[in-house]
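I opened this structure for a first look. My notes follow in the order I made them.

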Amino acid sequence: MSVAQSQPGLAVLMDRYLDGDQRAFGQLHAALSPPIRGLLGKLVRDNATAEDLLQATLLKAHLARDGFVVRGPHPDAAVQAWYTTIARNLALDHLRAQIRERKRRAEPGEDRDPVEEIATDLPSIEEWQVDRDTAAEITRRVHEALAQLPAAQREVVELHKLAGLSMAEISERLQIREGAVRVRAHRAYKALARALGPGMSLVAMHLLGTGGRA
């Protein structure tokens with residue numbers, strides 16, 4: 001392949017960047033910045049914060065570049081997913097900090113689950129630009145994790161995420177108090193987070209459906 005070819009793929013640019021090619025460094029970040037900026041904007045809903053998180057993503061990726069490895073059969077998608085994961089984790093840290101602050105200022109009686117609140121801000125799996133093989137692997141893992149939940153917790157997750165029912169609707173269907181439904185959901189999502197690892201459970205929920213309502 002000629003070096004003079006225009007528009008090299010992300011994997012090619014990443015290889016050159018890791019070899020110390022400063023031009024590839026600029027080209028790679030120019031190619032990745034627009035989609036990552038868009039993702040961050042959808043997550044944090046603030047352009048200035050999204051820009052700050054983008055710069056933090058590029059810096060963190062640069063510092064961790066020696067740890068990058070290609071996973072799956074699609075090298076370009078692996079590069080995209082690596083940067084996207086870093087950006088997502090930084091955005092989730094930012095959102096969690098906001099949620100903790102809101103909980104400190106919350107009026108008595110406000111009981112929205114923080115895991116659910118973060119999940120509602122996540123884009124669809126297509127917007128994450130995860131390749132099909134990766135998406136299939138996440139789906140397989142989340143179904144395995146769901147199967148390990150107690151039946152009562154699994155039922156609530158399936159109604160909430162697969163059927164898209166609200167907590168009130170689940171309460172009515174199961175004939176139990178809404179507070180009990182929320183407790184089951186909270187425990188289930190915590191268990192899934194432990195089983196799937198930090199962050200992955202949130203992406204996995206979007207592979208299962210459009211997401212339930214509060």
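**Overall fold**

I counted elements first: the protein chain has 11 helices and 0 strands. Helices (H or I, at least four residues) and strands (E, at least two) are DSSP runs, numbered from the N terminus. Read along the sequence, the pattern is α-α-α-α-α-α-α-α-α-α-α.

I noted the ground rules. This is a predicted model, where local features need pLDDT of at least 70, side-chain atom pairs count only at pLDDT 80 or more, and totals for chains, interfaces and linings use all residues. Residues are numbered from 1 along each chain as its sequence is written, and side-chain values use heavy atoms, with hydrogens and water left out.

I looked up burial next. Of the 214 residues in the protein chain, 41% count as buried. Buried means under 20% relative accessible area, exposed over 50%, and partly exposed in between (1.4 Å probe, protein chains only). The accessible surface of the protein chain is about 11,900 Å², and carbon and sulfur atoms hold 51% of that surface. These areas come from the Shrake-Rupley method with a 1.4 Å probe; for residues, only the protein chains shown count as cover.

I then checked contacts (heavy atoms within 4.5 Å). Among contacts in the protein chain with a separation of 6 or more, 69% join residues 24 or more positions apart.

**Confidence**

I read the pLDDT, the predictor's confidence in each residue, from 0 to 100. The protein chain averages 75, and 71% of the residues score at least 70.

**Aromatic pairs**

How many aromatic pairs does a search of the whole structure find? It finds 3. Rings of Phe, Tyr and Trp (its six-membered ring) pair if their centres lie within 6.5 Å; planes under 30 degrees apart count as stacked, over 60 as edge-to-face and the rest as tilted.

I took Phe 68 and Trp 82 to start. Their ring centres are 5.3 Å apart and their planes stand at 65 degrees, so the pair is edge-to-face. Phe 68 lies in the loop between helix H3 (47–63) and helix H4 (75–105), and Trp 82 in helix H4, so the pair ties together parts 14 residues apart in sequence. Phe 68 is buried at 11% relative accessible area. Trp 82 is buried at 17%.

Trp 82 also forms an edge-to-face pair with Tyr 83, at 5.3 Å centre to centre and 85 degrees between the planes. Tyr 83 counts as buried, at 0% relative accessibility.

I followed H3 from end to end. H3 has 17 residues and reaches 24 Å from its first C-alpha to its last, close to the 24 Å expected at 1.5 Å a residue. That expected span is 1.5 Å times one less than the number of residues. Buried in H3 are Thr 49, Ala 50, Leu 53, Leu 54, Thr 57, Leu 58 and Ala 61. An α-helix has 3.6 residues a turn, so residues three or four places apart point the same way.

Last, I checked phi. Arg 45 has phi near 60 degrees, a positive value in a residue other than glycine. Arg 45 lies in the loop between helix H2 (22–44) and H3, and is exposed at 59% relative accessible area. Gln 175 also has a positive phi, near 60 degrees. Gln 175 lies in the loop between helix H9 (167–174) and helix H10 (178–196).
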